[in-house]
Amino acid sequence: MTSFLKDVLNDLNLSDLSNLIFILPSKRAGVFLKHEISNYSDQPIFSPEIYGIEEFVENLSQLRSITNIELLFEFYSTYKTLTPIENQDSFEAFSKWAQILLQDFNEIDRYRIPEDKIFDYLSAIQEINHWSLDKDPTRLVGNYLSFWKKLKNYYQHFTQELLNKGLGYQGLIYREAVENIQNYMGINASKKHVFLGFNALNTSEETIIQELLQNNMADIYWDIDKNFYENQNHDAGLFARNHQKSWKFYRTHDFKWISKNYETKKNIHVVGVPKNVGQSKHISTILKTLQEENPSLNKTAVVLGEESLLSPILNSVPKSIKALNITMGLPLRSIPLTSLFQQLFLTHKNPSKSFYYKDVINILSHAYISPLLQIDGKNSLSDIKATVTENNLIYLTKDKLASISPQHEALFDMLFDDWDNDVSVALSQCQALILKIKQHLNDDKKKHVLALEYLFHFNTLFNELTTLNTNYGYLENITSLFTVFNELLNSETLDFKGEPLSGLQIMGMLESRVLDFETVIISSVNEGILPSGKTQNSFIPFDVKLENGLPTYKEKDAVYAYHFYRLIQRAKTVYILYNTEVDSFSNGEKSRFITQMELEKKHEIKHEIVVPEVPIVENKPIEITKTPDVINVLQQYASQGFSPSSLTNYIRNPIDFYLQKILKVKEHDDVEETIASNTLGTVIHNTLENFYKPFVGQQITINAIENMKSSIDKMVQDQFKRLYKEGDIYSGKNLIIFEIAKRYISNFLDLELTDLKQGNTIEIIAVEMENSIPLEIPELNFPVFLKGTVDRVDKRNGTVRIIDYKSGKVEKNKVEIVNWEDITTDYDKYSKSFQVLSYALMMDVCNKFNDPVEAGIISFKNLNAGFLKFAKKDKPGAYAQKIEILDKTLLNDFNNELKKLILEICNPDIPFLEKELKQ
């Protein structure tokens with residue numbers, strides 16, 4: 001394969017290149033041109049001047065290009081000058097629409113559209129669109145029309161201010177370059193200019209090149225294939241055909257060049273791969289295969305249709321590849337340090353001295369901050385997390401953090417000192433933090449080379465922000481600073497160092513201009529990416545663009561078509577990858593370029609859909625065999641005592657029992673931002689215990705209940721403070737839950753009061769009574785106990801009641817049973833019955849009541865139902881006979897079922913088998 005650049009040098013056939021000026025579409029191509037020139041002659045020669053087109057035009061214009069963000073500040077100065085104060089947007093609001101307008105200014109200048117023509121046209125269109133019979137438009141419409149009328153003034157004032165300072169954006173630089181072309185030609189009359197590999201040119205570029213051509217000061221070499229040029233419907237040849245037809249130069253000169261490289265035999269693979277990560281992994285597979293024939297991978301390029309693939313591609317490159325060059329920059333937004341500063345800005349967005357605990361933990365857990373909390377091999381972050389969880393700290397101050405870890409007070413000041421919405425303070429704090437992290441990383445520079453490089457770039461970025469803030473002063477608050485910070489993240493890149501002339505090349509589509517490779521791998525060849533489709537981010541309507549010769553999405557599609565086909569033109573092996581998945585970023589449709597290649601039938605195309613191997617995993621229930629060690633733990637647990645809740649947990653799912661009681665796996669404690677249901681239940685239980693404990697052994701009186709009612713507020717508040725620690729119960733959902741707890745207890749006491757006023761007597765026998773009884777199970781050769789705490793035992797009108805409080809809702813049918821076998825198999829229906837009967841069994845063994853005994857539940861969400869008694873029914877249905885008094889027969893029947901359950905748990909031949917839980 002002979003490259004385009006080599007063909008050009010051979011055609012020039014000059015022994016002295018020093019008098020030439022080469023202009024290429026990009027600076028990157030200049031490196032490859034120098035390499036070709038070095039191989040051009042056996043004798044030492046002077047190198048010609050080599051420029052990228054933008055650098056050449058900037059020299060021609062004698063203006064200095066400024067960054068987009070600085071341009072935004074300059075434009076805001078113009079905006080403030082020409083806009084009445086009462087109508088001015090903040091810098092943050094301004095930046096959202098101004099960038100679009102700046103793009104339009106850029107296009108207008110690059111295509112040399114007369115400002116009066118286009119801006120007056122746009123203003124007239126808006127007036128027609130908002131025409132009304134009313135003489136006076138509304139204020140909103142008036143401001144809108146005023147804005148369109150001022151566009152010309154904005155443009156004229158803005159461009160003049162930039163010219164006065166010797167500055168310019170790309171379009172203005174191009175416009176000025178055209179104005180200076182005659183002067184330039186006079187100074188450089190002896191120079192010969194060679195333009196290489198251009199395709200789509202704006203009006204300014206066309207004017208400059210044509211002036212040089214007409215004055216015999218230039219040559220231009222196009223790189224277009226006959227197949228695209230002669231086919232009038234082929235977008236890849238659109239611009240070349242237009243230039244050949246419209247340029248006066250070609251009335252008397254030949255059009256160079258129309259090649260026939262596309263027809264040569266090629267090995268083309270079109271591969272559909274799911275997801276971007278899938279494409280990255282498959283590219284790695286392709287590279288490994290290519291290395292078998294070409295270990296160095298010279299003349300091989302990976303061209304990314306979507307530049308966001310750079311990071312996954314870099315992580316997937318085979319380790320066997322030693323020589324690698326990346327012509328793209330890694331966006332600062334993609335590097336790990338970015339998330340730290342974004343989190344800091346979001347945390348300080350609203351001025352405050354206290355910060356949400358999750359924001360604080362996220363910052364302290366960051367990979368660049370966490371090492372700073374290390375002292376003597378211990379990280380203070382674990383202490384901070386533990387304190388936050390134990391005390392339910394929803395909001396944290398720097399002083400609170402310093403009290404937990406005093407050694408890091410300076411760091412906490414740096415991170416969580418109130419920025420007070422002051423941009424200068426924010427910038428200085430960020431720079432101080434960078435210095436702090438750098439000091440830590442300097443202890444082992446070799447290990448942290450990349451991290452230190454990240455820090456350097458962010459320090460440069462914050463220096464730029466400080467300069468902008470000092471020079472312009474438009475950053476009024478943290479929000480506006482964050483907006484500009486994000487803009488810089490989008491535009492700034494971290495450049496890679498590599499060997500550009502050997503090994504594998506990784507580049508974007510635009511970086512591939514003029515360059516030729518034998519093997520090309522192109523990713524993300526999907527509709528909406530290659531080409532990008534009908535996207536228009538402009539104030540200028542489509543028809544106005546057509547009228548004035550400005551580029552639309554049609555021309556953009558033609559540009560992409562040219563780059564795509566030019567990559568394939570001289571290649572021998574081509575891999576074209578596209579994403580097959582439909583998601584929010586892709587419609588899963590392969591590009592029209594692939595379909596077009598298929599219809600052309602110039603080459604045999606091998607199609608393949610690559611699907612990752614996904615093993616079929618049967619969703620079998622977990623089964624745990626009871627080893628001797630497990631049996632040993634079970635015996636220890638049995639001797640300490642099975643609780644009713646642990647047994648119902650086994651009924652619900654044996655695996656949960658295994659995890660909690662055998663492996664001792666505890667649920668992770670989280671901060672309770674909203675009071676949890678179990679906390680509410682504990683508050684209710686503890687409050688009632690404190691109310692009724694002084695009356696154990698006594699009959700409750702009406703006066704006692706009324707005294708309790710007057711103490712509800714204080715008692716509930718004390719219980720929440722004891723359990724919920726420093727959590728806030730006086731606002732939001734927690735305030736509602738606090739009031740619900742008081743209401744539950746008040747309603748319960750009202751129920752008791754009504755009962756007493758009706759002449760009933762209630763004697764408190766026990767409150768929160770702990771019981772433990774041995775269970776005689778001859779089949780087991782170790783002791784087994786049943787233990788539990790009964791919420792309340794009382795005697796109402798001579799009948800003993802064993803009561804279990806439930807803060808949730810329980811219906812009557814949940815404490816009724818027909819068949820005893822069901823009580824140890826159906827958790828949802830009979831777990832409440834199981835618990836109250838367990839308490840009744842323990843109380844019967846421990847106390848031997850002579851009075852009738854009932855057991856049941858008081859549900860605080862169903863207080864109207866009163867005391868829900870357990871009942872044994874002789875058959876299902878409403879007409880069944882019920883036994884509500886717990887006699888020996890009933891308790892013995894339950895005891896038998898209880899023993900069967902414990903025998904199953906302790907049986908080494910019956911594994912713990914996961915149950916499928918009901919949704």
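## Close-up views of a predicted model

**View 1. Surroundings of Leu364.** The model shown here, as in every view, is predicted.

**View 2. The largest nonpolar core.** This core has 198 residues. Leu364 is among those with the most contacts inside it, together with Phe22, Phe56 and Phe462. Helix 20, residues 449–472, gives the most to this core. Its share is ten residues. In soluble globular proteins, nonpolar side chains tend to be buried together.

**View 3. Another core.** A core of 55 residues lies apart from the largest one. Its members include Ile773, Leu786, Tyr830 and Phe894.

View 4. The structure holds 69 aromatic pairs. One of them joins Tyr79 and Phe94. Their ring centres are 5.1 Å apart, with 35° between the planes. The pair is tilted, because planes under 30 degrees apart would count as stacked and those over 60 as edge-to-face. Tyr79 lies in helix 4 (residues 68–82) and Phe94 in helix 5 (residues 91–110), so the pair ties together parts that are 15 residues apart in sequence. Tyr79 and Phe94 are both buried.

**View 5. Lys626 over a ring.** The charged end of Lys626 sits over the ring of Phe912. It is 4.7 Å from the ring centre.

**View 6. Arg801 over a ring.** Arg801 lies over the face of Phe867. The distance to the ring centre is 5.2 Å.

Terms used: Residues are numbered from 1 along each chain as its sequence is written. This is a predicted model: local features need pLDDT of at least 70, side-chain atom pairs count only at pLDDT 80 or more; totals for chains, interfaces and linings use all residues. Side-chain values use heavy atoms; hydrogens and water are left out. Rings of Phe, Tyr and Trp (its six-membered ring) pair if their centres lie within 6.5 Å; planes under 30 degrees apart count as stacked, over 60 as edge-to-face and the rest as tilted. Helices (H or I, at least four residues) and strands (E, at least two) are DSSP runs, numbered from the N terminus. Buried means under 20% relative accessible area, exposed over 50%, partly exposed in between (1.4 Å probe, protein chains only). A charge sits over a ring if NZ of Lys or CZ of Arg is within 6 Å of the ring centre and within 35 degrees of the ring normal. A nonpolar core is a set of buried Ala, Val, Leu, Ile, Met, Phe, Trp, Tyr and Cys residues joined through side-chain atoms within 4.5 Å.
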